[in-house]
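This report goes through one structure in running text: a helix, the nonpolar packing and the charged side-chain pairs.

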Amino acid sequence: MSEKEHPDINYLKQDKIGKVLAKGLATVYKEQPAFPIDYLSKWLMNYSKTQYQEELEKEREERRNKLIDKHNNEQKMAVEIENIKADKLNKIQEVHHQFYRKILDHKYHAELLVEEFPEFLEKSFHLTGAYIGVLDFPFKTVDEENDEEYAHLDQGGDRIITYIGSSKSHKFILKKTLPKGENVGLTYDVFKEVVPPDPQPGDDGAVVELPPNYLYVDNVVKQPKMYFFRIPKLGAYLALPLVYESCLHEGAFDEGVEGRLRYHADRETKENERKEKEADILENIENAKKNGDDTAALEDQLHNLVAEEVTETPFKLVKKEYVVCVDTLGQDREILEQDRKKLLDYVEGLVQAWQNCEKELLSHDIDQQLQYRATHKAEEILRAWQEAEEKAVDEAQKNVPPELADKESEVTFILDGARLDTVKHQLLNDAKEHLLHLTHYRVLKFTFLLQQVLYFLGYRKGEINVPGTNLLDWKKVAPHINEEDFFHRIEAYNPHGAKPEAPER
């Protein structure tokens with residue numbers, strides 16, 4: 001139709017009216033009921049109810065599907081969050097594992113203690129600061145004329161805490177000392193000798209765990225003995241004693257060498273005694289067999305025969321005392337008990353690793369020294385060098401010009417020059433092997449003598465010593481001896497020329 005349909009027609013032609021009526025009329029036509037109008041009205045009522053139920057079910061299904069989708073999404077999100085948490089926890093645990101591995105594998109724990117260790121603690125436990133103090137005699141400026149090994153320490157005073165290491169955020173505390181007094185210096189309490197009471201069983205029979213060995217202040221501004229290097233801020237403070245027994249020193253090395261010699265000799269003696277007993281038992285077994293006697297008891301005796309156990313003398317130890325300090329100043333929060341325990345575990349782990357490492361290094365040095373003694377006759381070598389020096393001095397004495405014979409200082413200069421020339425030749429030839437061998441040791445003897453040689457060769461104090469002290473830094477010096485420059489300096493050294501510049505003090 002070309003003409004526009006009436007709006008009422010369009011309304012009636014809607015699917016929910018026209019199609020429904022057409023379907024109802026078709027049903028009436030098909031069924032041919034006796035009362036068509038009544039039938040159609042009932043059909044329409046039934047259709048309306050059915051349609052409503054279908055729409056209601058459809059809405060319910062849609063709501064159900066939406067709830068299922070929402071639940072699935074929430075579950076998926078929860079799994080993702082748990083995965084993120086687990087991944088983060090794994091990364092944190094891996095960081096802790098790697099650092100603990102570093103503690104176990106490190107060969108210079110004193111260096112680890114003052115730099116990497118406090119930095120790791122601060123970052124890993126979200127602390128404000130971490131810093132390391134040493135309990136020792138006060139430091140003092142070294143007099144350039146004083147070459148004593150411990151000239152940097154005022155050994156006439158009381159031992160105090162000096163801060164020698166820190167995280168990057170607390171470098172301001174380095175070289176500062178903690179005042180010590182009745183009303184100040186709470187941290188000193190961690191070094192007090194406290195005899196722990198015997199653990200007592202609890203009500204349930206289990207042994208009650210003793211309190212941990214550290215000092216903890218949950219609110220520093222309320223503790224009158226706290227000392228602040230900067231403006232006080234709200235937060236907590238924890239001080240953990242780090243006390244370890246060191247064996248990397250000359251005394252332990254000397255006693256260790258002799259102790260290991262005795263240990264090997266005692267073991268050999270006990271093994272020889274075992275062999276003698278074994279020979280006696282075997283002889284008795286043989287005689288018993290010849291006489292037709294039972295040998296079971298003798299064979300049991302032979303089977304159980306072992307050499308008597310020999311124990312090596314423990315290394316000579318020197319106690320060294322440090323304190324690991326951490327705080328949350330400015331964060332206004334406590335350090336959780338679980339974190340305090342973890343921090344204590346790290347400190348105790350470092351102590352154990354440090355002591356084990358030193359024992360291994362000293363044991364290796366002792367074995368090297370015994371091997372060196374077995375392959376080198378040190379006394380004969382030294383005697384030969386001394387004889388060569390004396391021979392050179394005698395030759396120089398014979399060749400002193402007559403006009404200088406009465407000039408004592410000139411003669412002494414000539415003789416000393418001959419001696420030094422001989423020593424120089426020995427260092428570049430026969431002694432070179434022995435010098436290089438020293439670099440494999442961690443404990444060095446006669447450090448003062450080596451220092452003087454290095455000064456003569458033009459090395460500065462800052463190049464070879466621990467800063468601010470007369471202590472030879474062997475880790476720093478050993479690579480110099482392995483370099484050709486060291487032997488070039490020996491070769492170029494001229495005892496007859498101008499005196500070298502005084503070493504930088």
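Helix H10 (residues 408-428) has 21 residues, and at 1.5 Å a residue it should span 30 Å; its end C-alpha atoms are 30 Å apart, which agrees. The expected span is 1.5 Å times one less than the number of residues. Helices (H or I, at least four residues) and strands (E, at least two) are DSSP runs numbered from the N terminus. The model is predicted: local features need pLDDT of at least 70 and side-chain atom pairs pLDDT 80 or more, while totals for chains, interfaces and linings use all residues. Residues are numbered from 1 along each chain as its sequence is written, and side-chain values use heavy atoms, with hydrogens and water left out.

Val411, Leu415, Gly417, Ala418, Thr422 and Gln426 are the buried residues of H10. Buried means under 20% relative accessible area, exposed over 50% and partly exposed in between (1.4 Å probe, protein chains only). These buried residues pack against helix H9 (378-398) and helix H11 (432-438).

**Nonpolar core**

A nonpolar core is a set of buried Ala, Val, Leu, Ile, Met, Phe, Trp, Tyr and Cys residues joined through side-chain atoms within 4.5 Å. The largest one holds 30 residues, and Phe117, Leu121 and Leu242 have the most contacts inside it. Elements giving two or more residues to this core include helix H3 (36-105), strand S4 (237-246) and helix H8 (337-375). H8 supplies the largest share, 8 residues.

**Helix H12**

Thr447 belongs to helix H12 (residues 447-456). It is buried, with a relative accessible area of 18%. Beyond its neighbours within four places in sequence, Thr447 contacts Glu149 and Leu472.

**Salt bridges**

The whole structure has 24 salt bridges, each a side-chain nitrogen of Lys or Arg within 4 Å of a carboxyl oxygen of Asp or Glu. Three of them are tabulated.

| Pair | N to O distance |
|---|---|
| Arg60 and Glu57 | 4.0 Å |
| Asp189 and Lys192 | 3.3 Å |
| Lys341 and Asp345 | 3.6 Å |

Arg60 and Glu57 lie 3 residues apart in helix H3, about one turn. Arg60 is partly exposed at 43% relative accessible area, and Glu57 is partly exposed at 43%. Asp189 is partly exposed at 24%, whereas Lys192 is exposed at 54%.

Note on methods: Contact = heavy atoms within 4.5 Å.
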